[in-house]
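User: I'm new to this one and would like a slow walk through it. Could you show me the structure before we start?
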Amino acid sequence: MDEFGLIEEFFTRPAHRPEVVLGIGDDAALLALAGAADTLAVTTDTLVEGVHFSRSAPAFDVGYKALAVNVSDLAAMGARPLAFFLNLALPAADAEWLAGFRDGLFALADAVGLDLIGGDTVRGPLAVTITALGTVAPGAALRRDGARPGDRVYVSGLLGEAALGFLLRGGRLSLPSQFQESVLARLDRPWPRIHEGQALVGIASAAIDISDGLVADLGHLLKASGVGARLNIRRLPLSDAYAAARPAVGYDPALVFGDDYELCFTVPPARVQALAGLASRLPCGVRDIGEIVAGAGLTLHDGEGVYTPSRAGYNHFDDPGSL
Ligand code: ADP
Ligand code: MG
């Protein structure tokens, strides 16, 4: 049983409260409270030492990234950041570590405008859970289930940077020195596409953030929308660093590793022009990588033939695959 089969079998059930506009299965849940002008978007994520970060990771980066992965889920809904809760399990009260963690956490919180409004602190193996709240106009949220055949598929920014950072740190990749700092920064301190997500409201028909890899996360969007997609891997947005690494690593780090926290979204043909007009609000750039088709499943091709990646993507409880 993999992570998603587990959630589906044991925890997924229909919501009964009328306030629950959207429950389990998207980047955030949506709650519409009676009389409120905005809908609340709520998301939560946990980072565990030894799984999501190593013991040697700087505390600043742990604090930053724990919040970044949640902000990225708000971005994928097109939500505006509001506030967050912080739940900490700590093996010891290490003041130096806590100061670094706090600095990383609040650096991002201040940059995106999130207030810390509560949490819980307990002794235990190091783990960080953050629950983030955002707001979005009623009916405006970017959901996973809105893609339709004929829509174009886009990704923001660059793919595979975090994967290169991971391979580099693990000694499994050599990269020219001018590229090393940027790929490690992309792995340790991803910048969530919060402004881009809000800019895409009214333009994108569906969206998801890329936490587990493009193939896996677009797969969730396709399943939720009941459609398939056809992508050209030669159109993937790859950096100069990636171009230098590609002879050694191929396309898979950009397709199946994850941790990039870019947005993958779909746009109906009638709104592609409007997307082009948004360029100034999307400084990271967006790239058309393919199209939504009728049916199910994702087909990758390289312009000549079908391409099959080495594995689907990151999945807790899955057999560990090679990158
Ligand atoms: P994301 O990567 O966007 O954070 P996940 O892949 O972690 O989302 O989770 C997929 C969906 O399943 C989300 O809607 C999440 O809230 C929900 N989910 C995950 N674990 C549980 C659980 N134990 N109980 C209920 N819902 C869960
Ligand atoms: Mg997500």
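User: How many residues of domain 1 are in contact with domain 2?

Analyst: In this predicted model, 22 residues of domain 1 are in contact with 20 residues of domain 2. For orientation, domain 1 covers 3-136 and domain 2 covers 152-301, and the C-alpha centres of domain 1 and domain 2 lie 22 Å apart.

User: What area do domain 1 and domain 2 bury between them?

Analyst: Domain 1 and domain 2 bury about 1700 Å² between them, and 61% of that area is on carbon and sulfur atoms.

User: OK, and how many salt bridges are found across that interface?

Analyst: The rule finds 3 salt bridges across the interface of domain 1 and domain 2. Elsewhere in the tally, the count between domain 1 and domain 2 is 6 residue pairs in polar contact, with both residues at pLDDT 80 or more.

User: Which elements supply the side of domain 1 that touches domain 2?

Analyst: Helix 1 (3-10), helix 2 (59-77), strand 4 (80-90) and helix 3 (95-112) each supply at least two residues of that side of domain 1. Helix 2 gives the most, with 12 residues.

User: And how do the residues of that side divide into nonpolar, polar and charged?

Analyst: On the side of domain 1 that touches domain 2, 14 residues are nonpolar, 2 are polar and 6 are charged.

User: Where do Asp73 and Asp209 lie?

Analyst: Asp73 lies in helix 2, whereas Asp209 lies in strand 8 (residues 206-209), so this pair ties together parts that are 136 residues apart in sequence.

User: One last thing, which side chains does Lys223 meet in a salt bridge?

Analyst: The side chain of Lys223 meets that of Glu8 in a salt bridge, with 3.6 Å from N to O.

Notes
Residues are numbered from 1 along each chain as its sequence is written. Chains are lettered from A and ligands numbered from 1 in the order in which they are written. This is a predicted model: local features need pLDDT of at least 70, side-chain atom pairs count only at pLDDT 80 or more; totals for chains, interfaces and linings use all residues. Side-chain values use heavy atoms; hydrogens and water are left out. Domain bounds come from an automatic or database domain assignment. Contact means heavy atoms within 4.5 Å. Buried area is the accessible area (1.4 Å probe) that two parts lose on being put together, summed over both. A salt bridge is a side-chain nitrogen of Lys or Arg within 4 Å of a carboxyl oxygen of Asp or Glu. A polar contact is a pair of N or O atoms within 3.5 Å; within protein, one must be able to donate a hydrogen and the other to accept it, and residues adjacent in sequence count only if both atoms are side-chain atoms. Helices (H or I, at least four residues) and strands (E, at least two) are DSSP runs, numbered from the N terminus. Ala, Val, Leu, Ile, Met, Phe, Trp, Tyr, Cys and Pro count as nonpolar, Asp, Glu, Lys and Arg as charged, and the others, Gly among them, as polar.
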